[in-house]
Amino acid sequence: MELECKVQNYEWGKIGLDSTVAKLISNANPSLTIYPEKPYAELWMGTHPNSPSLIIDRGVLLSEYLEDNHDAIGPEVKRKFGVTIPFLLKVLSIRKALSIQAHPAKDHAEQLHKNFPQIYKDPNHKPELAIALTPFEALCGFRPILQIQEFLKNLPELTEILHKDNLNAFLETKEANMAQKELKQIFNSLMTCDKDIIETSLNKLLNRLGSEGAELKSFLLYPLIKRLHAGFPGDVGCWSPYFMNYLVLHPGQAIFLKPNLPHAYLSGDCVECMACSDNVVRAGLTPKYIDVATLIEMLDYNSYTTQEMLFTPQLEDQNSCIWKPPVPDFAVVKIKVDSGDYNTIVRPSPSIIIIISGRGKVCDTEPIEVRPGVVVFLKASRQLTITPATGCHIEAYQAICNV
């Protein structure tokens, strides 16, 4: 069943046909007008009430269809989650950095929703998986302690605004597991620092680095800090790259954002899948509500290398690989079928599939002509055959429940 899915035009999205989101929806529906000055940030595929998908040939919401067709969910998913699709599949096209943020664990999400329902509007957790479609920049997880210490030794503009006792204790720490307490204190003193002091410190840094040599500019991430500052002048989040891993993913590489892991997407296009929730705790690089106190207490202060942040898929067969996070809510399968071949898939879970490139047909009971941007829903335990057109391939991403 082909779906009509909704677009979010957030300000940070890529503009017009520079956006992969815009390209996909215009390919799927050539009569759709793409406005060259408008941002196309996210394509939502699923049953989330903020932007639910519609079954085109039935004229009903996917969520409404499921209420009357429990077989589409399958017994395993129904037993675990009820009559619902517990994941949300997206495509993101990012022009401007998203907020410094983390997502609460399930029990914490329930507590936040109970205490602050106007801010945290559902009781669910929100683990996320992001798979790069183009070169994709992100901040993710705290850096190794030695890296942070080396940055701090070369950043007097930063160290002069941090709490001196905590700073000295952190700089003297040799063991990573002993540094978490001091790192938490330092990050807290940064995030709660007076806004005018933050703005002054950032301007001092950028003025100094602007006249430094290329080697020091590169080491101290001058192009990145300058770009973040241009988008969010004087924002405390501009200091975050010195504490968090800076990643540039190649197409096909992925990161998994477990609960409490600090992160921020900076630029690029990706397929993203998450638990069906909108719980985000923010603390910088955003005009939205920030909750520094909650974020500081919940963060994972472990150190990670950039390699540890990468989430590797498992090869299923010659046509597919699967990213299986340690949560039951979702997994994502990348399917690539070459010309002259076909692929048949069956899952015990309902699934949502988006065609990213190529052309051909998919067939459950009735064949559907597919091209980039076409999105289909497949019932649990139903067989789908994917057949590229002559001389073409089909590349698709399939979101399923991890049961």
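User: Which residues does Ser189 touch, not counting residues up to four places away in sequence?
Analyst: In this predicted model, Ser189 touches Leu162 and His163 once those sequence neighbours are set aside.

User: And where is Ser189 found?
Analyst: Ser189 belongs to helix H8.

User: Is Ser189 buried or exposed?
Analyst: Ser189 is buried, because its relative accessible area is 15% and the cut-off for burial is under 20%.

User: What covers the buried residues of H5?
Analyst: The cover includes helix H8 (180-191), together with helix H6 (156-159), helix H7 (164-172) and helix H10 (214-219).

User: Which residues of H5 are the buried ones?
Analyst: Helix H5 spans residues 145-153, and its buried residues are Ile145, Ile148, Gln149, Phe151 and Leu152. Viewed down the axis of H5, these residues fall within an arc of 160°, so they line one face of the helix.

User: Why would residues three or four places apart point the same way?
Analyst: An α-helix has 3.6 residues a turn, so residues at that spacing point the same way.

User: Which residues are exposed on the other side of H5?
Analyst: Leu146 and Lys153 are exposed there.

User: Moving to H4, which of its residues are buried?
Analyst: In helix H4 (residues 106-115), the buried residues are His108, Ala109 and Leu112. Their directions fall within an arc of 100° when seen down the axis of H4, so they too line one face of the helix.

User: What do the buried residues of H4 pack against?
Analyst: They pack against strand E15 (281-284) and helix H12 (292-298). Asp107 and Lys114 are exposed on the face of H4 turned away from the buried side.

User: Now the whole chain. How many helices and strands are there?
Analyst: The chain has 13 helices and 25 strands. Of its 403 residues, 55% count as buried.

User: What is the radius of gyration of the chain?
Analyst: The chain has a radius of gyration of 22 Å, which agrees with the value near 22 Å for a compact globule of 403 residues. Along the principal axes, the C-alpha atoms fill a box of roughly 70 × 45 × 35 Å.

User: What share of the contacts with a separation of 6 or more comes from residues 24 or more positions apart?
Analyst: Such residues account for 75% of those contacts in the chain.

Technical notes
Residues numbered from 1 in each chain as written. Predicted model: local features only at pLDDT ≥ 70, side-chain atom pairs only at ≥ 80, totals over all residues. Heavy atoms only, no water. Helix = DSSP H or I, 4+ residues; strand = E, 2+ residues; numbered from the N terminus. Rg over C-alpha atoms; globule rule 2.2 N^0.38 Å. Buried < 20%, exposed > 50% of the residue type's maximum accessible area, 1.4 Å probe, protein only. Contact = heavy atoms within 4.5 Å. Arc of directions from axis to C-beta.
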